[in-house]
Amino acid sequence: MKKIINVICGIFLICCATACEDMMDTESGRIAYDDQHELNNPNDSIYSVIGVLAQLQQVADRILIMGELRGDLMTVDNEYASTDLQEINDISFAADNSYAIARDFYSIINNCNYIIARMDTSITEGQNKVMMPEYAQVKTLRAYTYWQMALIFGRVNYFTMPLTSIGSMVPTDTNIGIDELSQKLIADISPIADARPLDYGTIDNWTSTELFYPTKMLLGDLYLYNNMYDKAAEAYYSLIASRNIVVSRTYANTWESATRQNLQTGNMQAYKNDVVTRQIFNSDLRATHSQMRKLTYSDKPSLLPAAQFTEWMMSRTHFHTDNGQAISRYFNGDLRGAAEMASGALTADAFGHADLAQLPAANPQEMVITKFYNNLSGTVTDALEQRPLLSLAMVRPSTIYLRYAEAINRAGYPTTAFAVLKYGLNKNMYDTIQHRVDSNEVKRYPAYINFQAAQYDQNIGTAARGLGLGIVWDREQYVIPADADTTDFVEKAILNEMAAETCFEGNRFFDLLRISHHRHDHPALMAEKVAAKHADNEAMKQRLMNISAWFAR
């Protein structure tokens, strides 16, 4: 990884001079780029894309922290956390917070603008426009960066031409809000959504397809935010079908027997291995790589799991099966959080107690976030400082399926959406005897609900990964109540499942914002959820009922 990042960044920076100090400061005398370099060689386009990915390393932790600390699953240790982290947790942070810094995002955007403006997409080999896949990816990365900015600041200055010198270009749309931006981004990337995905084979042991952000994932998210449920479902389904993406039992945590002596820990490294897109880092310990392990798993952790989240996870019903044909026993605990062994000890997945062999000064009773620690390189016998976190998951299969469930639930297929959680979408869902989904829904399935192909046979419900493979036989607890508002019940179940399956991965603020945005009392749902982790929760809830309060001041 060190070789390719260093070489590619070096080549990329030959073409592009240093970005100006503040991308929105048109009085700056520094030059952003050499205005003469044209990208008319396929190698140029490859180097350019990887160069943007390397730049995204600088903001990856910030995006994750902004996505989690403003949610209801993560909090801070006020003794050890910096003032900047405490302010984000209190949702009272300014634009100069070190985890914001707009100019770093604008620098990435300006690099993308330069590449898009200079890339010659007319070059063809046979019938193929050879540079179009790279062009589409750079457009997607620009849109992704803009969207992350909007989720932090609520407003952005939108420009699509490169700033190459003093006064060469000013933003075409200044200070536009998140709603207007989402529409601009949809218009920008929807025409290139069907471009061929990039695949450079294996790069330094990384599967290169995992380095690139799927356009249809971002497009689905933008549609979903805008309550365009059918279009969102179509985008997610197209991504699922084209990539053969499944939620498999390989990454489930299950008890080996009803004695709870031993645990199958397939989910423990799902964050590292069950990935569609990841942000990668240099393997050299002296280079830039994620600080999330240090912030969450140390003698003095800055970031902690929220108490109400860990307590909820530990209290959930687990449906154990010994024979794969019926529920054998009921236990307590979603095993994707932490599993309580028969001995009383905890086996940590997303959270748990620190290993005192690694952290002898840690508080043995304190719950800490262990998701990043469990996904470090090396082995537990290596010194902790020698085990880097080389990637952060950006999109995982379960992320896609859960957002797909959110879309089809609102599109009028709530029992099918619930099947994503409980059963998995495969040909068994069409079984009218088992009544896994409402037959009236099956009769009117659109093209974006079709899971009869053999490629989906591996699908299990996302909840089965932590609540037990026996969940499919439950008829009393994990069910849609007969007297419930079905869409509302399923939506809240999806939000809960997003917490259990993708906690601490940077999605929570957007999940809360998006689902709240579907509802008539927005932002009440997200205000109530997040206020629960604060001591003065009623005062916090009232403040957060003003949507502008969620973004940088």
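**Figure 1. Ile101 sits in the loop between helix H3 (83-89) and helix H4 (102-118).** This close-up comes from a predicted model. Ile101 is not a glycine, yet its phi is positive, at about 50 degrees. Most residues other than glycine have a negative phi.

**Figure 2. Phe504 occupies the loop between helix H16 (486-502) and H17.** Here too phi is positive in a residue other than glycine, with a value near 65 degrees for Phe504. Is Phe504 buried or exposed? Phe504 has 0% relative accessibility and therefore counts as buried, the cut-off being under 20%.

**Figure 3. Cys112 and Cys503 are both buried.** Cys112 has a relative accessibility of 0%, so it counts as buried. Cys503 also stands at 0% relative accessibility, and so counts as buried. How many disulfides does the structure hold? The structure has zero disulfides. A disulfide is a covalent bond between the sulfur atoms of two cysteines.

**Figure 4. A cis peptide bond joins His522 to Pro523.** Omega of the bond from His522 to Pro523 is near 10 degrees. Most peptide bonds are trans. Where does Pro523 lie? Pro523 belongs to the loop between helix H17 (508-517) and helix H18 (524-531).

**Figure 5. Arg519 is placed in the loop between H17 and H18.** Arg519 counts as buried because its relative accessibility is 16%, and the limit is under 20%. Which residues does Arg519 touch, leaving aside those up to four places away in sequence? The contacts of Arg519 are Arg410, Asp488, Glu491, Lys492 and Leu525.

Figure 6. Two packed helices are described by the angle between their axes and the distance between the axes. The crossing of H12 past H13 is left-handed.

**Figure 7. Side by side, H12 and H13 meet through residues of both helices.** H12 contributes Tyr401, Leu402, Ala405, Ile408 and Asn409. H13 contributes Pro414, Thr416, Ala417, Val420 and Leu421. How many residues of the contact of H12 with H13 are nonpolar, polar and charged? Eight are nonpolar, two are polar and none is charged.

Notes. Residues are numbered from 1 along each chain as its sequence is written. This is a predicted model: local features need pLDDT of at least 70, side-chain atom pairs count only at pLDDT 80 or more; totals for chains, interfaces and linings use all residues. Side-chain values use heavy atoms; hydrogens and water are left out. A disulfide is a pair of cysteine sulfur atoms within 2.5 Å. Buried means under 20% relative accessible area, exposed over 50%, partly exposed in between (1.4 Å probe, protein chains only). Helices (H or I, at least four residues) and strands (E, at least two) are DSSP runs, numbered from the N terminus. Contact means heavy atoms within 4.5 Å. A crossing is left-handed if the near helix is turned anticlockwise from the far one by less than a right angle, and right-handed if clockwise. Ala, Val, Leu, Ile, Met, Phe, Trp, Tyr, Cys and Pro count as nonpolar, Asp, Glu, Lys and Arg as charged, and the others, Gly among them, as polar.
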